[in-house]
Amino acid sequence: MDNELKYKIGVTLLPRMGSILSKNIIAYCGSAAAVFKEKEKNLQKIPGIGEIIAKAIVEQREELLTQAEEELKFIEKKSITPLFYLDKNYPARLKNCEDAPVMLYLKGEVELNVPRVVSIVGTRNPTDYGKNFCEKLVGDLKEMNVMVVSGLAYGIDTCAHRTCVKNYVPTVVVLAHGLDKLYPPDNAALVKKMIPNGGIITEFVSGTKLAPELFPRRNRIVAGMADAVVVIESKKGGGSLITADIANSYSRDVFALPGKISDPVSEGCNWLIKINKAALIESAKDIAYMLGWEDKK
C-alpha cells in the first residue's frame, strides 16, 4: 500500500480545512507528508491558512496521524480502495471540479472512469409515474452502456439502484458517511446485490456521524462524477435541486421529468425547466441527443 497514504488521509482530517484549501496546502508543501513536517511559520504564509489554522495543524497533527493510522487498518480489513485526488483511478470527471474531495474510499471493483455516466436523483416519496419513468430510463440506459450513480436515499435513488441490479447495469452509491455503516440501513440487502457489478463510494472516514450538512457534500460527488444529472420528481425545496444546482455549476447537463403543475412532487422539476436550469426529459434518447451519444456505440 502507498507509503504516504497515512498522510493523505491525515490531510483530510486537518481542522478548519475544506477540499480546496487542503489541496492548496499539499501543493504548497509539495506532498501530503510534507504538510505534517512543515514549520508553523511557513504554514502561516500559505494563502488561506493564517496563524490560527497553522497553529491548530501543528498542535493536532500527531493526534490526526494516529487517527489516520486507525483508518488505514479499517480500509485494509474491509478491502476498501483509497483514492487520492491525484491517482489515475480517481474519478476523472470529479477531479476536474475545484472542490472535489482529496480522498475517496471505494468498496467494490467497479471502474469509475467508464465512457458514460448518468446520475439519477429525486424525491423520497415518488409517485407511480416517477417510479415507472425511472425504471424505463435505467432499462434504456443499459443499451447505451451507461453507469448509473445515485445516493441510496429512499424513493427515486433506491428505485434507480434496484432497477440497475435487475438489469445488470453498473451502479455506484455515494454515501454521506463512512463505510463502517449504511444509511438507510433498510437498503443493506440491495447494496450487497450491487457490489458484484457496482460499488459504494464516500469521502468520509469511518466513524463519521450522520449530519444534515453532509448530504450536500455527498450531492456534489453525485453531480461531479456524471456526464449528466436526471431529476425525477422533486419538491421545490427538495435536496435533489441542490444536486441540480451543483451540476449546473460544474457545467453538467441537467434533465428534469415534467409533471402536472398541480402536483407538489413535480414542482421542483417544473421549476428547473421553467428557469432553464434543466432540459425537459421524455426518454433516454434526450440524454443521448444532448450528449452526442446517438452516433456512438
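**Notebook: salt bridges and a helix crossing**

I began at Glu70, which is partly exposed at 45% relative accessible area (buried is under 20%, exposed over 50%, partly exposed in between, with a 1.4 Å probe and protein chains only). This is a predicted model, where local features need pLDDT of at least 70, side-chain atom pairs count only at pLDDT 80 or more, and totals for chains, interfaces and linings use all residues. Residues are numbered from 1 along each chain as its sequence is written, and side-chain values use heavy atoms, leaving out hydrogens and water.

Next I looked up the partner of Glu70: a salt bridge links Glu70 to Lys73, with the closest N and O atoms 3.3 Å apart (the term needs a side-chain nitrogen of Lys or Arg within 4 Å of a carboxyl oxygen of Asp or Glu). The two residues are three apart in helix α5, about one helical turn (helices are DSSP runs of H or I, at least four residues, and strands are runs of E, at least two, numbered from the N terminus). Lys73 is exposed, at 53%.

I then searched the whole structure and found ten salt bridges. Asp128 and Lys131 form one at 3.7 Å, N to O; both lie in helix α7, three residues apart. Asp245 pairs with Lys277 at 3.3 Å. That pair links distant parts of the chain, 32 residues apart, with Asp245 in helix α11 and Lys277 in the loop between α12 and β9. I also noted one network, joined by shared partners, of Asp99, Glu203, Arg217 and Arg220.
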